[in-house]
Amino acid sequence: MITGAAEQIGAGIVRLLAPNAGMMTGPGTNTYLIGTAEIAVLDPGPASGKHIDAIQQCATGPIRWILVTHTHPDHSPGASKLAAATGAELLGQPPPPGRVQDKTFKPDRILHDGDVLETGEFLLRAVHTPGHASNHLCYRHEESRWLFTGDHIMSGSTVVIDPPDGNMTHYLESLERLKSLDLAALAPGHGPIIENPDELIDWLIDHRMKREAKVVASLKSHPELTVTELTPFVYDEVDKKLHHLAERSLLAHLLKLELDGSATQANRRWRLSSEVGELSA
Ligand SMILES: [Zn+2]
C-alpha cells in the first residue's frame with residue numbers, strides 16, 4: 001500500500017491511502033472510490049488538500065456522494081472539503097458529543113441501519129455497528145458482498161473502545177451481527193483487504209472474551225484497584241507505552257461487566273460483585 005497511489009482492488013472499487021500514517025492509523029486511512037461512471041467516495045480521511053486533490057484525480061467520473069463510516073478525525077474531516085470542491089452529497093451520521101469528534105461533518109442525508117445508496121452501477125447498504133463509535137456505519141457493497149468496515153474492524157490490530165462513546169457491549173453485539181451478512185471480504189479503514197471475514201470476526205470476539213476473562217481474574221486477585229492500577233495486570237503482555245490506550249479498553253470491559261452485574265465500582269475502585277467472586281472462588 002503506497003500513500004497517494006490509487007489501487008484497483010475490486011470491480012469498480014479503488015483504494016487510495018491517505019498521508020496520515022501513525023500509531024493509531026497504521027499505514028494511514030483507506031479512502032475508497034466506488035463506481036466508474038458516477039463515484040461514491042467512502043471516508044475521505046483527514047482534511048489534507050493533497051489527499052483531496054488525489055481523490056479527485058483518480059475519480060473516473062463525477063463524485064456524486066461522500067459517505068463516512070464515523071466521525072473520528074482520521075475518517076471524516078476531508079468530507080466537507082471534498083463536498084465543497086465537487087458538490088457531492090454527504091451521507092452518514094452526525095458526530096455525537098465528545099472531544100475526539102469531527103464537528104465539521106454535517107450530513108445532507110442521515111443514514112440509518114438498512115438505508116441504501118442505489119446507483120445505476122452499485123448498491124451500498126448501511127449497517128449500523130456501534131461500539132468503536134456510537135455513530136459507526138459499515139457499508140455492504142451488494143454486488144461483491146464486501147463490507148467496508150471503517151474502524152469497526154481493521155487489519156492487523158484490534159481497535160480501541162474508548163468510553164463513553166465507545167461501548168464494549170455494543171461492540172460485541174455489532175461483531176456478532178456481521179456474521180449473518182454473508183460477507184465475501186472486509187475492506188477496512190486501515191490496512192489490507194481481509195479475505196476470511198467470518199474467521200476473523202470469530203477470532204475478534206474470542207479475543208475480547210479472553211480479555212474479559214483476564215479482567216475478571218485480575219479483579220479477583222487484585223480487588224479495589226482503579227482502572228490505571230489494574231491495567232498492568234490485565235495487559236501484562238502489552239508494551240507499557242500503549243497502556244494509556246489499553247486503559248480505555250479496560251474501562252470499556254469494566255463497564256460491560258458492571259452492566260452484566262459481574263463487577264461494581266465505588267470511588268472509581270473496581271471489584272467483582274459478590275456473586276461472581278463466589279462462583280469463581
Ligand atoms: Zn475511529
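**Close-up 1. Helices H1 and H2 cross at roughly 50°.** In this predicted model, the axes of H1 (residues 49–58) and H2 (residues 78–86) come within 10 Å. Axes are lines fitted to C-alpha atoms, for helices over the stretch in contact, with angles from 0 to 180 degrees between N-to-C directions. His51, Ile52, Ile55 and Gln56 of H1 meet Gly78, Lys81, Leu82 and Ala85 of H2 (C-beta atoms, placed from the backbone, within 7 Å).

Residues are numbered from 1 along each chain as its sequence is written. Local features need pLDDT of at least 70, side-chain atom pairs count only at pLDDT 80 or more, and totals for chains, interfaces and linings use all residues.

**Close-up 2. Strands S13 and S14 form a hairpin.** S13 (residues 263–266) pairs with S14 in the antiparallel sense over 4 bridges; pairing takes at least two DSSP bridges. Alanine 266 has arginine 269 in S14 as its bridge partner. The hairpin has 2 residues between its strands, and asparagine 267 in the turn has a positive phi of about 50°.

**Close-up 3. Cysteine 138 lies in strand S10 (residues 137–141).** Cysteine 138 counts as buried because 27 C-beta neighbours lie inside 10 Å; the cut-off is 20 or more other C-beta atoms within 10 Å, placed from the backbone. Beyond four places away in sequence, cysteine 138 touches residues including Thr69, Val127 and Phe148. Its C-alpha atom is separated by 8.2 Å from that of arginine 125, 13 residues apart along the chain.

Notes
Two residues are in contact if their C-beta atoms, placed from the backbone, lie within 7 Å. A residue is buried if 20 or more other C-beta atoms lie within 10 Å of its own, exposed if 12 or fewer, and partly exposed in between; C-beta atoms are placed from the backbone.
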